[in-house]
Amino acid sequence: MSKKYAYVIEVEVPNGSRGWQKEVNTRMRKAIEKLRLTVEELGGRVCVRY
């Protein structure tokens with residue numbers, strides 16, 4: 001049976017900023033893409049759950 005690994009993305013939200021949701025989405029998208037590229041280079045597979 002193969003092992004499953006978890007990757008947690010932590011985003012610091014600017015206090016009082018109206019654009020915080022946009023900032024969080026942008027940072028999460030970048031982190032997920034970086035993870036996906038790394039895992040695929042190593043021959044793995046990525047499944048993203050929100």
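This is a predicted model: local features need pLDDT of at least 70, side-chain atom pairs count only at pLDDT 80 or more; totals for chains, interfaces and linings use all residues.

Trainee: How many helices and strands does the protein chain have?

Mentor: The chain has 50 residues, of which 6% count as buried. Its secondary structure comes to zero strands and one helix.

Trainee: Which residues of α1 are buried, and over what arc around the axis do they lie?

Mentor: The buried residues of α1 are V24, A31 and I32. They sit on the same side of α1, because the arc they cover around the axis is only 100°.

Trainee: Which exposed residues does the face of α1 turned away from its buried side carry?

Mentor: V24, found in helix α1, belongs to the buried side, because its relative accessible area is 14% and the cut-off for buried is under 20%. On the face turned away from that side, the exposed residues are K22, R29, K30, K34 and E41.

Trainee: Is V46 buried, partly exposed or exposed?

Mentor: Buried requires a relative accessible area under 20%, and exposed requires one over 50%. V46 has a relative accessibility of 21%, and therefore counts as partly exposed.

Trainee: How far apart in space are V46 and L35, C-alpha to C-alpha?

Mentor: Along the sequence V46 and L35 are eleven residues apart, while in space their C-alpha atoms are apart by 8.3 Å.

Trainee: What separates the C-alpha atoms of V24 and E10?

Mentor: V24 is in helix α1, and E10 is 14 residues from V24 along the chain. The separation of their C-alpha atoms is 9.3 Å.

Trainee: Which residues lie nearest the centre of the largest pocket?

Mentor: The largest pocket has a volume of about 860 Å³, and its lining divides into 13 nonpolar, four charged and no polar residues. Of the 17 residues that line this pocket, those nearest its centre are Y5, A6, Y7, V46 and C47.

Methods
Residues are numbered from 1 along each chain as its sequence is written. Side-chain values use heavy atoms; hydrogens and water are left out. Helices (H or I, at least four residues) and strands (E, at least two) are DSSP runs, numbered from the N terminus. Buried means under 20% relative accessible area, exposed over 50%, partly exposed in between (1.4 Å probe, protein chains only). On a 1 Å grid over the protein atoms alone, a cavity is a set of points where a 1.4 Å probe fits but cannot get out, and a pocket is an open set with protein on both sides within 12 Å along at least five of seven lines; lining residues have an atom within 4 Å of a point. Grid points are joined across faces, edges and corners, and a volume is the space filled by probe spheres set on the points. Ala, Val, Leu, Ile, Met, Phe, Trp, Tyr, Cys and Pro count as nonpolar, Asp, Glu, Lys and Arg as charged, and the others, Gly among them, as polar. The arc is that of the directions from the helix axis to the C-beta atoms.
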